[in-house]
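Hi,

Here is the structure I promised to pass on. My notes follow below it.

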Amino acid sequence: MNVVTLKDLERRFGDFVAVKGVSLEVAKGEIFGFLGPNGAGKSTTIRMLCGLLEPSGGSGTVAGFDIRTQREAIKQNIGYMSQKFSLYEDLTVEENIDFYSGIYRIPGAKKAERKAWVLEMAHLQAQRRTRTGQLPGGWKQRLSLGCALLHEPPVLFLDEPTSGVDPMSRRDFWDLIHQLAGGGVTVFVTTHYMEEAEYCDRLGLIYRGELVALGTPTEMKEHRMTEQVLSLSCDRAHDALTVVAALPGVRDAVLFGRDIHLMTADAERIVPILRDAMEQAGFEVRALERITPSLEDVFVSLIEGKDREEGAQREFKG
Amino acid sequence: MLERLKYMLIKEFLQIFRDPRMRAVILMVPIVQVLIFGYAVTTDVRHIRTAIFDLDNSPSSRDLVARFEGSGHFDLIRRLRSDAELREVIQSGEAKAVLRLNRGFGDDLLGGRTAQAQIILDGSDSNTASIILGYSNRIAMAFNSRILVDRFARSSGTRLDTEPVALASRAWFNPNLESRNFFVPGVIAQLVMIISIVLSSMAIVREREIGTMEQIMVTPMGRMEFILGKTLPFALIGYFDVVLISVVAVFWFEIPLLGSLPALFLATGLYLLSTLGVGLLISTTCRTQQQAMMSTFFFIMPAILLSGFIYPIANMPLGIQWVTYLNPLRHFLIIIRGIFLKGQGVQVLWPQMVALALLGIALLSLATGRFRKTSA
């Protein structure tokens, strides 16, 4: 069963098309990662899904409700947490929880139970009377998540939930998300951290308002890459980079730690050429092998491919 | 609806009373303002610093000077010796008025000719100057009639005991023409406006600024619940301040409260509709609290100047007079002064109340309509 479905979703702001023709489906209990550079249309899409913004074109449903006509019903069935901490810092932990459970009209008998659940989940039992503004970032994050889950929504939207949170807290946070998904909650999360993308069941890459790729992280790495990636280990890697990048057949070369990663259409053909060129230039090649691309490699390659395509189109039109 | 509103109100009051600045605004500002207007701000002119330049120094000239001194309005601060000194004393602001009597003043009077006396005023403060002029004229007229009566007695041999016309002046509703009685009820009107507009616009814009507004918008909270939750607390605070200032006015400054309290509360409610409407409207146009503060200031300044709080509306150009009908403060000032000083009730003040109700409904519907577009 699909909890989120989008068909040709579009949003324009004046002449600017922020989101164009996005179609995707997210199944119940799935963690769907929505990736893309800043300004690609991630937040605009999520705002349309939450009923904060009306689509200019296309259609969609969330938890079975239409995102155009049933926005109030959607609000009752989703939890939303944004990158900015958006609870009241001048209220205590408990007062924030009470406020949100009042807003969601959680029945009296259930209120205490849900409050206990949130305090426990967020490890905030001892801080229940602390002003929220005095909590460290990661703790606030957990409280935000708790408040978004008070009414046990079947769908959870997270807009860059871990920006500004330290790595340990981030890991804890993702453990929580996995627990929730295990319990049948559908999670729709935007991020631009690649290591976070690895935690997701399925990914969608959005760039300049368009959905560029869709698939599991493994599918992305194995099938979406049109190029092959070679890892080159040599001395004076920084100097070698210019030599490598200038070779015909090398699409792109970047430093990756002390190694160079280079992208090419045909790895087998380029290996001997590369070895010769390095020897002639006086570099010592320690290792040269084909590797599985990282998600970052995949996305950079997809985005650059898109840019080339559009560049070519522009030249053709011009 | 009511349940969500209840939680919204609990939250608002927790936030308001937890913030020390808010508490100060609600409690201290009204008290300080009413004390300032009760004690310090007064248009009554007393103790006018006056210098005397008496070149004649005759019994008649000394008589006129004595009348100025005895009027209670003028304090003689020094006697001048030269024109240079006269210029200096006005220039420096040491004296607000100089009474100059030329040589021959007494002789002219005795000889039956018109004697010249001159009053020189500091016109840079035109209000005070015109009031001083009024006082001076009154003294000069009394002096004249005194002399005429003497001359008549001397020429006819009979004493004239009665003046031809005696003007008995009575200022109803404020017998001693105390400007305090005029100002302090006005402070109530002005303060309720400032507090309700500033606090309501800031409260909404703050939620937008810190991002909690977006969080609220993805909950099932309705627009009306949110708006009511954001305005009702400030309406209650407005009422609280009306009571607070009224108590200080009546028991401390002994300003008469002749009208009925229910009429005062009814009018306050109608007035709050429009001030909260303005606050809400400002909040829909502003992204930050500073912007809200500036917009509020730009609304309140002209609203106070064009309300009749200090400057009479009748003195304004006709076009501006029409504009003042759109100013809620103007209507509420008439109501509150009418209730306090004249004991008027709804049967007299209904036109102002209807005007406030119409303005309030118009502003609130405009603001609520705009609210949806800006926050969704």
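A salt bridge here is a side-chain nitrogen of Lys or Arg within 4 Å of a carboxyl oxygen of Asp or Glu. A:Arg47 forms one with B:Glu214, where the closest N and O atoms are 2.1 Å apart. Between chain B and chain A there are four salt bridges.

Some ground rules. This is a predicted model, with pLDDT of at least 70 needed for local features and 80 or more for side-chain atom pairs, while totals for chains, interfaces and linings use all residues. Residues are numbered from 1 along each chain as its sequence is written, chains are lettered from A and ligands numbered from 1 in the order written, and side-chain values use heavy atoms, without hydrogens and water.

Now the interface. In contact (heavy atoms within 4.5 Å) are 23 residues of chain B and 28 residues of chain A. The buried area is about 2,500 Å², and carbon and sulfur atoms give 54% of it. That is the accessible area (1.4 Å probe) that the two parts lose on being put together, summed over both. B:Arg18, B:Gln215 and B:Val218 supply 25% of what chain B buries against chain A, more than any other three residues.

Chain A on its own: it has eleven helices and 14 strands. Both are DSSP runs, helices being H or I with at least four residues and strands E with at least two, numbered from the N terminus. Its C-alpha atoms fill a box of roughly 80 × 50 × 35 Å along the principal axes.

Best wishes
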